[in-house]
Amino acid sequence: MSPNDLDTNEAFAYILHAYKSKCNHKHKPLPSGPKGLPILGNLLMIGEFPHRDLHRLSTQYGPIFYIRLGFIPTIVVSTPQTAELFLKTHDLSFAGRPFSSAAKSISYDQKGLTFATYGPYWRNIRKLCISKLLSSNKVESFRSMRSTELGLFITSLKHAAISREIVNVSNKVLSLSTDMSCLMVFGNKSMKSSDDHKGFQDVVHEGMKLAAIFNIADYIPYIGLLDVQGLGKRMKEVSKVFDELFEKIIDEHVKVFDKDNQKDFVDVMLAFMDEKDTDFFIDRSNIKAIILDMLVGSMDTSSTAVEWTISALLKNPRVMKKLQEELERVIGLDRLVEESDLPNLEYLDMVIKESMRLYPVAPLLFPMKQWKTPFWAIGRDPNSWTDPEECIPERFMESRIDLRGQDFQLLPFGSGRRGCPGIQLGLLAVRLIVAQLVHCFDWELPNGMSPDDLNMTEEFGLTMP
Ligand code: HEM
């Protein structure tokens, strides 16, 4: 019997068995999949867009198949039903992150939440992040900062609009998102990296790229020392820039630290630093790793999601017009959108869901130990979605499908134990910025470009701009 003859649950049990068997008796079979080369396995089948390559392979080998990436055996799941098996039914077995040279080098030996191996340390810092940094109260405490920054952003765009200047909205939104993140994490938005030639955003971007690239050294460890792709050198450079910056931030905070007046995330973490009588025993290196998590988690993700949504709206003028009408009806034309308006903007909610279905910010979810899911493919699965390639926000009108990880056909924030802890803040930022942009301006493409000519091809990374 081949795995293709099994139904999904049986197939899953079969995979678990196959893994166990692999450890105990080397010769038991694994699920089917493409034949690999000696040593390299199937690495050469993964190109510039791994989520598309894995999707293509899934159309050939089915919803669960096996590939070997160098020496790393990997199961690929590509339907909502198979993803649920890994993210819910058996999530405990699959909540680990794989070893990654980038995480080791840049994320302080995997001390950050994002790349920490699953276990007590990860549980503690996840609890710290959820209960002390990303709780509803904490997110709410930065409301006026968000409002001020958004106001400045809209004013600068208004000036550009009055003088009919062409604006690179992606850069502007990324700057807004960076400013909001830096203010929330360390209370200062003008902090630049110590590297003269690169802005902080560029360094973060480079770090995320390095974390996402298929690094041959992670799959064929013997050649790691040769650094054939030159990634090791780039990682060292990026981690040096981050470390100098974070050291400086912590030093400055320590000098004026007041336990009773905690202004930003670094203050909150300093209150626990080297405190033995707490659940959250963290030292300086843990704090630096979490600063990085919070900055990377909030900067690029939200701005990328905004960029995709505005692009989708430009490509679909009908949807843009309908959203503008909702904003006009609910808010009127005399004031800016406020956070308290968001629960009343139902069509906006559907637009964001649709944009995140078609253009998930993390198209492969994050790297997971032993398995991968090209979420990008799940969002376009013809068995789950009617006209999957079309942008139709109305599909969510009568539907209870949500973004929070309970519905496995729509997982832009992941699901289960490793699901995104910043979902509340991320969604809030994306909704607010998109609403404000669509409410305040009429949008058009430059130089008379037609919506059909808008290039929606992605560039692969941990997030997908
Ligand atoms: C639109 C905004 C956002 C999107 C689309 C997004 C998406 C994701 C995804 C897909 C994952 C991986 C889930 C998995 O592996 O199953 C993740 C994890 C994570 N996100 Fe977000 N995220 C966003 C905003 C944020 C924000 C604002 C923060 C924090 C300030 C954040 C911090 C994190 C962290 C720390 C993890 C790793 C969690 C762990 O491994 O335990 N994210 N996010």
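Modeller: The model is predicted, so local features need pLDDT of at least 70 and side-chain atom pairs count only at pLDDT 80 or more, while totals for chains, interfaces and linings use all residues. Residues are numbered from 1 along each chain as its sequence is written, and side-chain values use heavy atoms, with hydrogens and water left out.

Colleague: What makes Cys420 a donor to the iron atom of the ligand?

Modeller: Donors are N, O and S atoms within 2.8 Å of the metal (3.2 Å for Na, K and Ca). The SG atom of Cys420 lies 2.3 Å from the iron, so Cys420 counts as a donor by that cut-off. Cys420 is the single donor from the protein; water is not among the atoms, so sites may look incomplete. Cys420 sits in the loop between helix 16 (375-378) and helix 17; helices (H or I, at least four residues) are DSSP runs, numbered from the N terminus.

Colleague: Which element gives the largest share of the shell around the ligand?

Modeller: Helix 13 does, with four residues. In total, 26 residues surround the ligand, each with a heavy atom within 4 Å of it.

Colleague: What makes the space lined by Arg146 and Ser177, among others, a cavity?

Modeller: On a 1 Å grid over the protein atoms alone, a cavity is a set of points where a 1.4 Å probe fits but cannot get out, and a pocket is an open set with protein on both sides within 12 Å along at least five of seven lines; lining residues have an atom within 4 Å of a point. The second largest cavity holds about 110 Å³, and helix 8 gives the most to its lining, with four residues. The largest pocket holds about 930 Å³. Its lining has 29 residues, and helix 13 gives the most, with six.

Key: Helix = DSSP H or I, 4+ residues; strand = E, 2+ residues; numbered from the N terminus. Points joined across faces, edges and corners; volume = space filled by probe spheres on them.
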